[in-house]
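Please look through the sequence and the 3D structure below before reading on. The paragraphs after them are meant to be read with the structure open beside you.

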Amino acid sequence: MAKERVHKQIRLKGIGVSPGIAMGTAEVYRNELEDITVYPVEKEAVADEIRRYVEALESVESHLRESAEIVTEKIGTTEAGIFDAQIALLSGTLFRKTVPAAVKRDLINVEAVLQNSLRDFLNAPPGPQGEEIKKRQQDIKDIHRQIIHLLVKKNPQCIILYDTVILTAREFLPSDMTLFPPGQVLGLIAEMGGMNSHTAIMARSSAIPAVMGVEKASSFITNGDFLIIDGSTGDVVVNPDSDDQEIYNEKIARARAIRDRMESLIDLESETTDRRAVTLMANISRFEDVGQARRNGAVGIGLFRTEIPFLMGEHFIAEEEQYQLYRKVITGMEAYPVTIRTLDLGGDKVLTQDLFNREANPFLGLRSIRFSLRYPEIFTTQLRAILRASAFGRVKLLFPMVTTLDELATITEIYRQVREEVGRQGVKPLVEPLLGVMIEVPSSALMAESFLDRVDFASIGTNDLIQYTLAVDRGNRLVSELYSPYNPAVLKLIDMTVKAGKSTGKEVSVCGEMASDPVSAILLLGMGINILSMEPRYLLRIKEVVISISKDAAARAARKALSMNTAREVEEFIIERFALPRETASSE
Ligand code: PEP
Ligand code: MG
């Protein structure tokens, strides 16, 4: 007698990497490499084996080129850069030299060599575990898998789905994302992957809710299960009962109501109840973010993280290409100012070619402006591209993680030389670019007045300022409890910087995540910050805070907070004083 399957309700938890709630039927997606048979290859047959491999490499390359085209059309050019990066890896030493050499040396089939090479790569001693490094590892794994699948004749061109489904897998690799038929994938669940994995980025850009890092998802979920996933909280409910379905239907309705309420704020002035204007700007990483920034009412770009296109494309972008990119962003923002930050590479943001030059303490090493000053060619190329683009709008130049005044003197001297050189070549900025430093380390906050004497503005990068003040790695979950924006030591450094802005008459803004957190935003406004820059999706949430408080009340509260001793005290105090809803006070 056939046993009837019991659809048991199970709750799973992962990391919400692409917001939104999806409800639908599960489909388990199998993209794993199965064990490869190892067989000997005669010496005389080696040339044929290598020919077979080279043909596979060429097919994978042409498939990647097609993927880049599809993604450019369906998602965007920056995401398509993921596949350009994979093409670049394909022509590197590993695939072009090391693999064929191993076939010759070990006299075994090439699939087996690739399997060994992948195993060696995955088992290599861990270096820095930043998100960018994880992305590169995912790419290398993806390419191995694509070549092996092709060699064992398993390469799919497109998956066929018979319904709209929520796909679940151990891991989604970037190439998988091009195989999904449009409109049929309602959501994604994966055991591996995090917030900044390439697939997470592609899911967000495609507006597909996704939860990753769900342990043992494939053991709990089978084809045909009914699923609910929440891409903000990371919750997954397998076979929800009617109560759960009702709860999530309500959540969907509430989210829609919040969206409507936020949309009604778009045209309102951003000013406090006592009529003090607060300038809300957007942080962007790609040209594609400009649309969302404009739609949410940003009156400028407060931070353009220019290293991200380099990382997604996985190569140094030439001057002309950089110029085109900056020009598109500047013209996209029309008359509004665009703050272009020079490369912030290093730390966890490393290019593949640097993966093997691992530093013992990358966040304290050759990071950010130190990297640019170490490679002046790269720095001056970027400055030239920015200056050429400044002919099309109002540009502000921002230098990240400056720690000493000597460094600043070198930066401004290099800038002066490049400015002169492009001037001689006929470049005429529409408005002379303003120069600014990021305040991201205690040394620059303590010396803020001297820094501001030498530049036009400063922008506080609170993400790093917290990390370096509290000596807590911003990406390390083991110590995340210590990473608090409300820590009075952090607040004191911010207050000191704001005061330096007042005494020098120079503008001080905030572009770290504190700008988008309601509790922090109140503290910042209270300390005297009038310009906040944040991810575009948070602009309206912060506008709602701005229009509902008075600047004087915020100033009184900030003064009191500055005399407190713990982060918890500060947070509780602000939540209560301004009656902020607890669940949204400092989260999504
Ligand atoms: C910061 O550190 O606050 C910042 C805005 O820079 P990033 O997050 O890119 O390091
Ligand atoms: Mg920073």
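What follows leads from the nonpolar cores to a metal site and then to the cavities.

This is a predicted model, in which local features need pLDDT of at least 70 and side-chain atom pairs count only at pLDDT 80 or more, while totals for chains, interfaces and linings use all residues. Residues are numbered from 1 along each chain as its sequence is written, chains are lettered from A and ligands numbered from 1 in the order in which they are written, and side-chain values use heavy atoms, with hydrogens and water left out.

A nonpolar core is a set of buried Ala, Val, Leu, Ile, Met, Phe, Trp, Tyr and Cys residues joined through side-chain atoms within 4.5 Å, where buried means under 20% relative accessible area, exposed over 50% and partly exposed in between, with a 1.4 Å probe and protein chains only. The largest such core has 96 residues, and those touching the most other members are Tyr 326, Phe 399, Ile 494, Leu 523, Leu 532 and Ile 574. A second, separate core of 50 residues includes Ile 108, Leu 114, Leu 151 and Phe 172. Leaving aside neighbours within four places in sequence, Leu 532 is in contact (heavy atoms within 4.5 Å) with residues including Val 278, Met 281, Val 510 and Ile 542.

Which residues are the protein donors of the magnesium ion (ligand 2)? They are Glu 440 (OE) and Asp 464 (OD), lying 2.0 Å from the ion; donors are N, O and S atoms within 2.8 Å of the metal (3.2 Å for Na, K and Ca), and water is not among the atoms, so sites may look incomplete. Both Glu 440 and Asp 464 are buried.

Rolling a probe the size of a water molecule over the atoms shows where empty space is left. On a 1 Å grid over the protein atoms alone, a cavity is a set of points where a 1.4 Å probe fits but cannot get out, and lining residues have an atom within 4 Å of a point. The structure holds two cavities of 30 Å³ or more, a volume being the space filled by probe spheres set on the points. The largest cavity holds about 90 Å³ of space, and among its 15 lining residues, Arg 305, Arg 341, Glu 440, Asn 463 and Asp 464 lie nearest its centre. The second largest cavity holds about 70 Å³, and of its 13 lining residues, Met 281, Gly 302, Thr 339, Ser 509 and Ile 531 lie nearest its centre.

Key
On a 1 Å grid over the protein atoms alone, a cavity is a set of points where a 1.4 Å probe fits but cannot get out, and a pocket is an open set with protein on both sides within 12 Å along at least five of seven lines; lining residues have an atom within 4 Å of a point.
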